[in-house]
Amino acid sequence: MYSILAVIDDDQILQEVTDSLCSESRAVSTFRKADDALLQCAVRQFDLILTGQRLPGTTGIELLTHFAANHPNTRRVMISTRADFDEVTLAFSRSMIHQFI
């Protein structure tokens, strides 16, 4: 089963992502805070992480940087309408993000 981690602080977007991606072949774990998601990563591997840029206590880029260093095989995608595009471009150039939506 393909395992997806969604870390998004907006409840409506988090629900839409879950509804769109959840299927018999995909499991979606959702969190609003990066710290809670990182605790789950200590006991489980994910194939894909989707995150927003603005999260309580951190940024999506910081979270994806952690994944790049500690879970390099996890695909990393940022979804955001409020991101600083200079930061996103820098994260792309450093291979912290695979895709931005």
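Which residue in β6 is the bridge partner of Leu 48?

1. Basis of the note. This is a predicted model, in which local features need pLDDT of at least 70 and side-chain atom pairs count only at pLDDT 80 or more, while totals for chains, interfaces and linings use all residues. Residues are numbered from 1 along each chain as its sequence is written, and side-chain values use heavy atoms, with hydrogens and water left out.

2. Strand pairing. The bridge partner of Leu 48 in β6 is Arg 75, and that of Leu 50 is Val 77. Strand β3 (residues 48-51) runs parallel to strand β6 (residues 75-78), with four bridges between them. On to strand β7 (residues 99-100), β6 pairs in the parallel sense over two bridges; here Val 77 stands opposite Gln 99. Helices (H or I, at least four residues) and strands (E, at least two) are DSSP runs, numbered from the N terminus, and two strands pair if DSSP finds at least two bridges between them.

3. The sheet. Five strands form an open sheet in the order β2-β1-β3-β6-β7, with parallel pairing. Its edge strands are β2 and β7, each of which pairs on one side only. Helix α1 (residues 11-21) packs on the sheet and touches β1, β2 and β3, its direction making about 170° with that of β2. Helix α3 also packs on the sheet; it touches β1, β3 and β6, and its direction makes about 175° with that of β6. Contact means heavy atoms within 4.5 Å; axes are lines fitted to C-alpha atoms, for helices over the stretch in contact, and angles run from 0 to 180 degrees between N-to-C directions.

4. Helix α1. The buried residues of α1 are Leu 14, Val 17 and Thr 18. They lie on the same side of α1, because they cover an arc of only 100° around the axis, the arc being that of the directions from the helix axis to the C-beta atoms. Their cover includes β1, β2 and β3, whereas the face turned away carries the exposed residues Gln 12, Asp 19 and Ser 20. Buried means under 20% relative accessible area, exposed over 50%, and partly exposed in between (1.4 Å probe, protein chains only).

5. The cores. A nonpolar core is a set of buried Ala, Val, Leu, Ile, Met, Phe, Trp, Tyr and Cys residues joined through side-chain atoms within 4.5 Å. The largest has 19 residues, and Leu 5, Val 7, Ile 49, Leu 63, Phe 67, Met 78 and Ile 97 touch the most other members. At least two residues each come from β1 (2-7), α2 (34-41), α3 (60-70) and α4 (85-93), with α3 giving the largest share, five residues. A second, separate core of 10 residues includes Ile 4, Ile 8, Val 28 and Val 77.

6. Phe 67. This residue belongs to helix α3 and counts as buried because its relative accessibility is 1%. Beyond four places in sequence, the contacts of Phe 67 include Leu 5, Leu 38, Cys 41 and Ile 49. Phe 67 and Ile 97 are 30 residues apart in sequence, with 9.6 Å from C-alpha to C-alpha.

7. Ser 29. Strand β2 (residues 26-31) contains Ser 29, which counts as buried at 14% relative accessibility. Its side chain makes a polar contact of 2.8 Å with the side chain of Arg 44. A polar contact is a pair of N or O atoms within 3.5 Å; within protein, one must be able to donate a hydrogen and the other to accept it, and residues adjacent in sequence count only if both atoms are side-chain atoms.
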